[in-house]
Amino acid sequence: MTDEDQLETENDSPELEIIQLARANDVLPVEIHILPVASRPFFPGQAVPLMMDAEHWAATMKAVADTDHKILGVLLVDSETSEEATPENFYEIGTACRVHRVHQQDGHLQVLVECLQRFRVEKVIHKKVPFKAHVSYLPEPDAGDDSGIKAYAMAVINTIKELLPLNPLYVEELRVFLDRFGPEDPSHLADFAASLTTSSKEQLQEVLEILPLLQRMEKVLVLLNNELELARAQQKIRRTVEEKMQKQQREFFLREQLKAIQKELGIAKDDRTAEIDKLKARIEDLDLTEQAQKRVEEELDKMGILETGSPEYSVTRNYLDWITLLPWGKHSKDKLDLKRARRVLDRDHYGLEDVKKRILEFLAVGIHKGEIAGSIILLVGPPGVGKTSIGHSIADALGRRFYRFSVGGIRDEAEIKGHRRTYIGAMPGKFLQAMKDAGTANPVIMLDEIDKIGASYHGDPASALLEVLDPEQNTDFLDHYLDLRFDLSKVLFVCTANQLDSIPGPLLDRMEVIKLSGYIAEEKLQIARKYLLPRQIDRAGLAKKAVKLDAKTLRAIIEGYARDAGVRRLEKQLGKIVRKIAVRMLEGEETPITVTGEELTDYLGSPVFRDERKLSGPGVVTGLAWTAMGGATLSIEAARTHGFNRGFKLTGQLGDVMKESAEIAYGYLVSHATEFGAEAAFFEKSFIHVHVPAGATPKDGPSAGVTMTSALLSLARNEPVRRIAMTGEITLTGEVFPVGGIREKLIAARRAGIKEIILPEDNRGDFDEVPEHVRKGLKVHFASRYEDVLPLLFKA
């Protein structure tokens, strides 16, 4: 106050004004150091502990400590951290605080400040740490007797009361506030209420900057109500979670108590309830036999008292796993529709009419009975003729699950009937594994390569199959591992084999044999067109019309590269062509790409099969043979090597049966030479050599007797045989006995271009069963004795 102002006051007032002096500590300085904070602002009336980086803010705190007043201005900044703050980030209004205690530890400063009064930054004096500013202070407004402010104060107090039960932390803060201020101090009450909330720093700064009490309390009440709603929502969520957890906790405590009791009694140490419950849940869905139900209950009881770490516990658990995973009483419904079955077989296979007919007869019997069971089908034929795919088609026609496994090379009986549980790593046999994977008790199970099953010191698997494949026994099939009777009678077993010779008689007796012969060239042509070529194009990801092969080209592939009985090699050759075309397409060639017969060598190389050399001359005769790969023509040569002495020699890697046939043919012809137009002296002075070409290929079988006799007769008469093929077994008395593989042999003759054939009379019925399209164009003669063969050999 200036002297002039004082004089005016004395003149205007009749009485002298009393001026109250202030203590030095109560006067706040107009220049103070600034501490920026990035988290939230401080309000007057609070005592706040601060934690700050010592390296960054030590200079500021030292500067404050060097002052008499120890005042520090705390100011909110809009930067991410206080260390990044610059004067441009400062808010305008902050709180002046007195520093009471500073303690440095582990690179941090622990500071206790008492918040005193709001201030406004007028000018920043020092713009680097330590910041310093010129400020003006904002005094707290007086509420007086304003009823509106009192009403808001009561509302704020009531809202805080509602918050107290929801968050116990508020109770301690309220106690500290009441120690310093009363509810009749609305300014500090508003600031205290704002500091209780979890509002954003911007919202709290807005409260700090509002000086009029009524406006400030309105804003604070809004923030309090938001906090109240948030606290109620959190409590509701907590209550919901607690309700859900309560039951689980109760069960957990009960289980723990039960475990403790069991541990005291020594009957259990680990919790196995979950596994037992899982097994019981599986059992509820199964139709167990009485024996199986009893066994399961016994094993469950044992599992309940065994220690989980013991080996027997894991053995018991695995055993129960297997029992409960098997489809006890679960059957899929058969689609007993003969028309549908015929449609499926025709869709998946071309030709094979006799095979389809046999399968449909088998299905028709099952349809009349109302179920397909009790028979085992054996499909016999060369590789690649479609045996496995027929099994797939049968399953598809019936609507059953299909499971296939190969028994070829199995030498251990346990593979069929399982290992006993006493062995480590024991498991059930292949059939129960198939039942588990199929998921039903009536799947179609295919046993591939049953003719290649072996035997060893581990046992004879073929004998073990007798129980499985016997309809009278497999209703109670006993697996060694399971040691329970399981019904396999509803399973349809389909077996495949290349030949019957190596299948044990008792096993073969239990099966219904369906023979699949090889395909003739015309059948292969249609199969390639309808199935093989489209499938290879699809596998290569090409468009359907990207590849064109005409009938002439396909026929050239069949004759030159895939002359075997099946179509597997034909499909491989088509796959080669499609792959090379795919490369040409990527190189920019336009589609469709047509492959001609002249281009086949570029795609497939030189032909694998060439036209069979038409061996001719005296002593050369064409025979017909059956092999595991189908039928084949077999040229037999007989030659007189010298006349020094009498003798007979065989070459061509012949088996014992074929050697005997040659000796019988030689003996028979020597004794009947003159009857057949040969000189008797020819054999007395000739060393004869009989050879069957392709000496690297083993050959055996009884069907070459007639052919060898004819070759020796042609040599003795020095007269070539007509273009004719023959098969049949001969005896020392000249009888022609029947042989097998008639269809395969006829197909081989057609392939070689031979139209005239001699067959044993006893094979006439087999010839009649051969499909018409195979017999067409063939001239067949039947012979019961060798005398019937003689007129057909030489030109008239």
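Modeller: Helices (H or I, at least four residues) and strands (E, at least two) are DSSP runs, numbered from the N terminus. This is a predicted model, where local features need pLDDT of at least 70, side-chain atom pairs count only at pLDDT 80 or more, and totals for chains, interfaces and linings use all residues. Residues are numbered from 1 along each chain as its sequence is written, and side-chain values use heavy atoms, with hydrogens and water left out.

Biologist: OK, in what order do the strands of the open sheet come?

Modeller: The order is S8-S9-S12-S7-S13, five strands with parallel pairing. S8 (402–406) and S13 (512–515) are at the edges with a single partner strand each, so one side of each has no neighbour in the sheet. From one strand to the next, the twist averages 20 degrees.

Biologist: How many bridges are there between S8 and S9?

Modeller: Five bridges, in the parallel sense. Ser406 stands opposite Asp448 in S9 there. S7 and S13 also run parallel, joined by four bridges, and Val380 sits opposite Lys515 in S13.

Biologist: And which helices lie across those strands?

Modeller: H12 (residues 353–369) lies across S7, S12 (492–497) and S13, at about 155 degrees to S13. H15 (residues 430–438) lies across S8, S9 (444–448) and S12, at about 150 degrees to S8. For those angles, axes are lines fitted to C-alpha atoms, for helices over the stretch in contact, and angles run from 0 to 180 degrees between N-to-C directions.

Biologist: Which residues does UniProt list for "binding site"?

Modeller: The unreviewed entry lists Gly381, Pro382, Pro383, Gly384, Val385, Gly386, Lys387 and Thr388. UniProt positions are in the numbering used here, feature names are shortened, and annotations may be inferred rather than shown by experiment.

Biologist: Is Gly381 buried or exposed?

Modeller: Gly381 is buried, at 5% relative accessible area. Buried means under 20%, exposed over 50%, and partly exposed in between (1.4 Å probe, protein chains only). Gly381 is in the loop between S7 (376–380) and H13 (387–398). Not counting residues up to four places away in sequence, Gly381 touches Lys387, Ala497, Asn498 and Leu516; contact means heavy atoms within 4.5 Å.

Biologist: What about Gly384, buried or exposed?

Modeller: Gly384 is buried, with a relative accessible area of 8%, and lies in the loop between S7 and H13. Leaving aside neighbours within four places in sequence, Gly384 is in contact with Tyr519, Gly566, Val567 and Arg568.

Biologist: Switching topic: how do H8 and H9 pack?

Modeller: H8 (residues 273–284) and H9 (residues 290–305) pack at an angle of about 170 degrees, with axes 11 Å apart. They are therefore roughly antiparallel; the cut-offs are under 35 degrees for roughly parallel, over 145 for roughly antiparallel, 65 to 115 for roughly perpendicular, and oblique for the rest. Residues of H8 including Ile276, Leu279 and Ile283 meet residues of H9, among them Val296, Leu300 and Met303.

Key. Pairing = 2+ DSSP bridges.
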